[in-house]
Amino acid sequence: MKGAIFDLDGVIVDTAKYHYLAWKELAARLGFFFKESDNERLKGVSRMRSLEILLEVGGITASDEEKEAMAKEKNDRYVEMLASLNKSELLEGAEDYLKKLKSEGVLIALGSASKNAPMILDKLEITEYFDAIVDGNSVSKAKPDPEVFLKGAEMLGLDPADCVVFEDSQAGIEAARNAGCGVVAVDINGVLFDADKYVKCLKDLL
Ligand code: BG6
Ligand code: MG
């Protein structure tokens, strides 16, 4: 491993629960219950694609304009939930593992679908560890498309085959495979497949 490419939500920080809560609130307003098992499908997926899956689950159709408004409603609520986000919500071992890789000379990139990623990294005070940042603002194709990880490897100046991706979503694991990277699944619920290695959190790699 010459480069490590990290997903953010659910790998480095426990924001996956806030994404779920915010989507669940939107679903409740639209008149249906959004189950945690259905939420697995939203992990790693862009905001708009997540909304489309949510609406499909609820059997709701909406115009593009309505969808824009719903995506904004969810994101405003999500950002509100993150107002007091701080280092205490880093997942176990995340910062120590970043430090370890840095000390070993491994290059580090972020490969996240989130447009909120830069703000979250700042709140967690971990921006400095990253040699490259690829987020929802800089990619046009959502995971499982490999774009996010191919861009990450390119920004690090590395061959994708020399990079390992750390992911908590099935879409992300497939994206890493499609990019030709190695992949470690951060799989707290034991639901992921097709990875090279499985851990509960990054602490397991220390
Ligand atoms: C991913 C999350 O990291 O980012 C998804 O796993 C989320 O659940 C996606 O939808 C987009 O995030 P944001 O912050 O741009 O709405
Ligand atoms: Mg994730």
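Is Tyr-97 buried or exposed at 5% relative accessibility? Tyr-97 counts as buried, because its relative accessibility is 5%. Buried means under 20% relative accessible area, exposed over 50%, and partly exposed in between (1.4 Å probe, protein chains only).

This is a predicted model: local features need pLDDT of at least 70, side-chain atom pairs count only at pLDDT 80 or more, and totals for chains, interfaces and linings use all residues. Residues are numbered from 1 along each chain as its sequence is written, chains are lettered from A and ligands numbered from 1 in the order in which they are written, and side-chain values use heavy atoms, with hydrogens and water left out.

**View 1. Phe-6 and Phe-166 form a stacked pair.** The whole structure holds 4 aromatic pairs. Rings of Phe, Tyr and Trp (its six-membered ring) pair if their centres lie within 6.5 Å; planes under 30 degrees apart count as stacked, over 60 as edge-to-face and the rest as tilted. Here the centres are 4.6 Å apart and the planes at 15°, so the pair is stacked. Phe-6 lies in strand β1 (residues 3-6) and Phe-166 in strand β4 (residues 163-167), so the pair ties together parts 160 residues apart in sequence. Helices (H or I, at least four residues) and strands (E, at least two) are DSSP runs, numbered from the N terminus. Phe-6 is buried, at 0% relative accessibility. Phe-166 is buried too, at 1%.

View 2. Tyr-97 sits in helix α5 (residues 94-103) and Phe-166 in strand β4, 69 residues apart. Phe-6, Tyr-97 and Phe-166 make up one aromatic cluster.

**View 3. Lys-74 lies over the face of Tyr-78.** The distance to the ring centre is 4.5 Å. A charge sits over a ring if NZ of Lys or CZ of Arg is within 6 Å of the ring centre and within 35 degrees of the ring normal.

**View 4. Ligand 1 is surrounded by 14 residues.** The closest are Asp-9, Gly-44, Ser-114, Lys-115 and Asn-116. A residue is near a molecule if one of its heavy atoms lies within 4 Å of it. A polar side-chain atom of Ser-50 is 3.3 Å from an oxygen atom of ligand 1. For an N or O atom in the side chain of Ser-114, the distance to a ligand 1 oxygen is 2.6 Å.

Note on methods
A polar contact is a pair of N or O atoms within 3.5 Å; within protein, one must be able to donate a hydrogen and the other to accept it, and residues adjacent in sequence count only if both atoms are side-chain atoms.
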